[in-house]
Number of protein chains: 2
Amino acid sequence: MAPGFSDQENGVGSSPKSVHVNNPHLDSMKEDILYHFNLGTASQDLPAMFGDVKFVCVGGSPWRMKAFIQYIAGELGLGDPKAEYPNICAGTDRYSMYKVGPVLSVSHGMGIPSIAIMLHELIKLLYHANCSDVTVVRIGTSGGIGLKPGTVVITKQSVEDTNFQPKFEQVILGKTVVRNTDLDEGLAEELLQCAAELDQFETIIGNTMCTLDFYEGQARLDGAFCSYTEEDKQNYLGKAYSAGVRNIEMESSVFAAMCKLSGLRGAVVCVTLLDRLKGDQLTSSHDILNNFQQRPQVLVGHYIKKQLNAQKS
Amino acid sequence: MAPGFSDQENGVGSSPKSVHVNNPHLDSMKEDILYHFNLGTASQDLPAMFGDVKFVCVGGSPWRMKAFIQYIAGELGLGDPKAEYPNICAGTDRYSMYKVGPVLSVSHGMGIPSIAIMLHELIKLLYHANCSDVTVVRIGTSGGIGLKPGTVVITKQSVEDTNFQPKFEQVILGKTVVRNTDLDEGLAEELLQCAAELDQFETIIGNTMCTLDFYEGQARLDGAFCSYTEEDKQNYLGKAYSAGVRNIEMESSVFAAMCKLSGLRGAVVCVTLLDRLKGDQLTSSHDILNNFQQRPQVLVGHYIKKQLNAQKS
């Protein structure tokens, strides 16, 4: 049989919008162990712990996701930004998870497989916790194409690395199923509006190329292996630019596909740490790179604050 | 142009065997920043720090790789197993790295992209440090097929998930290059011999299926999405078993391909945490799973000790 899900199964419509799991087996399980979070339906009261979650921010680095929860606690007036927030996944070293008010912050490691494991368990967590109207934003780092380093890119479409098409290929039972990687257009526009209100750094909407490899897969000349020239690299990145690609990272395609399948509003907001047309290595100082990495946090922090204020008024 | 490397380029032969980088650009770089290790040729004296490395053990979990360096320090009489060993990559949260004597222990996160970034930088590190005769072993966890949980599988061939062929597909400049995933047969046999000498747990040589996904990609019924039945799952895993697959994990294919390209003797030694024919979730107790995870460490520890003793005598 050829598995996969049609657009009709994406569960758009009802209000409030609950989180979908497209798995008939789940409800017959006595217990669901979210192994890589070290959480489970029998060992924790997930609705009590997570039922109020409305915003989930995910990013590769556990340190960054800890910094984000401290930042957002201060921004929302929900806690001291210098306080220690407990790691909810302290029993495992696979992912880190922090929560303050309606905001959950989760690390996902590097690459499609790593974020996909996290997202499977996150979607189940939100489902078991009876969450509704959840927005998920990936706040990450990336390489830019033709952009000043430090520019923030809000992803329009996540495209693959061969023909720059908005699709993600998932192997299921040895067969390839193609999934759509469209992200929520309205959410992207709202985020761009937030960037304009902040007016602190350049922010654009563009396509994001998602690769399985950081070195050869992104045409870098500085990996352990390289069989192409600077000219080959420039030609390839030029073709990507012509297809609307403004930055390259390693998680957006499966993120977009899984958000769509589970009825989550999703956005990808990545800062560009360098311009790949000018180099491959990260030679900027630690302080500059650190400042760049805070930009998606500041932008998404502003968005969350605005949403919560709008609900209050 | 169609990049990739032929078998002739794999750098087999000379003695002592140095670590190969197949990248003509590297030698013209003034500095090489190993970004995800927070190390570099200008900021560290890599030959002084790593020149004596002969064995590199890699695994997904940073905690496990820290435990391994403590264990091996005790086994080799090079340090107190209860001592704190400094994390050489303390300046980043992407990977952890520990060293004692000729043994380096490095974490690689989950999935092909995550281990590939680490391996690119590890191979360059070993090259810059002028290391020779290096053996690299992945000590990991996996799901077994038709094996008693706790059985250790030494990988014969790492095979893909569609036709169970020993190959790894690398996208370079938008084109797919197919690489061989053969591992060192002699090393696998030596490790099996070590397991027989230890006689502490069942160990076999078998094929390992490497997937990009933990849930749908491994025919699990307990992910956020599942569009197939228990029968479909059993059929798929049955086909894999018929092709010689005895366990499933998420890093071995690119590990094997990159070891081969850089002239490193490589082996994959994974314990099976469950029998996938009987279930999908890890329901064993923490203590049992912990015991299982130590088995590849014990096996590889014995192998390293034996090699070092043989050199002394």
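## Elements and overall form

Helices (H or I, at least four residues) and strands (E, at least two) are DSSP runs, numbered from the N terminus. Chain A has 7 helices and 12 strands.

This is a predicted model, where local features need pLDDT of at least 70, side-chain atom pairs count only at pLDDT 80 or more, and totals for chains, interfaces and linings use all residues; side-chain values use heavy atoms, with hydrogens and water left out. Residues are numbered from 1 along each chain as its sequence is written, while chains are lettered from A and ligands numbered from 1 in the order in which they are written.

The radius of gyration is taken over C-alpha atoms, and the globule rule is 2.2 Å times the number of residues to the power 0.38. For 313 residues, a compact globule would have a radius near 20 Å; chain A has 19 Å, which agrees. Along the principal axes, the C-alpha atoms of chain A fill a box of roughly 55 × 50 × 35 Å.

## Two domains in chain A

Chain A splits into domain 1 (25–133) and domain 2 (138–313). These bounds come from an automatic or database domain assignment. The C-alpha centres of the two domains of chain A lie 22 Å apart. Their contact (heavy atoms within 4.5 Å) takes 26 residues from domain 1 of chain A and 25 residues from domain 2 of chain A.

Buried area is the accessible area (1.4 Å probe) that two parts lose on being put together, summed over both. The two domains of chain A bury about 2,100 Å² between them, with 76% of it on carbon and sulfur atoms. On the domain 1 side, F55(A), R64(A) and I112(A) lose the most area to domain 2 of chain A, together 30% of what that side buries.

A salt bridge is a side-chain nitrogen of Lys or Arg within 4 Å of a carboxyl oxygen of Asp or Glu. Between the domains of chain A the count is 1 salt bridge. K305(A) forms a salt bridge with E75(A), their closest N and O atoms being 3.4 Å apart.

A polar contact is a pair of N or O atoms within 3.5 Å; within protein, one must be able to donate a hydrogen and the other to accept it, and residues adjacent in sequence count only if both atoms are side-chain atoms. The two domains of chain A have 7 residue pairs in polar contact, both residues at pLDDT 80 or more. On the domain 1 side, β3 (55–59), α2 (62–75) and α3 (112–128) of chain A each supply at least two residues.

## Where chain B meets chain A

Here 77 residues of chain B are in contact with 77 residues of chain A. The two chains bury about 6,400 Å² between them, 60% of it on carbon and sulfur atoms. M110(B), L173(B) and F225(B) supply 13% of the area that chain B buries against chain A, more than any other three residues.

Across this interface the rule finds 2 salt bridges. R179(B) and E216(A) meet in a salt bridge at 2.7 Å, N to O. There are also 30 residue pairs in polar contact between chain B and chain A, both residues at pLDDT 80 or more. Several elements of chain B each supply at least two residues to its side, among them β8 (167–172) and α7 (286–312). The most come from α3(B), with 9 residues.

## Salt bridges overall

Over all chains, the whole structure has 28 salt bridges. E249(A) and R138(A) meet in a salt bridge at 3.0 Å, N to O. This pair links distant parts of the chain, 111 residues apart: E249(A) is in strand β11 (residues 245–249) of chain A and R138(A) in strand β6 (residues 135–144) of chain A.
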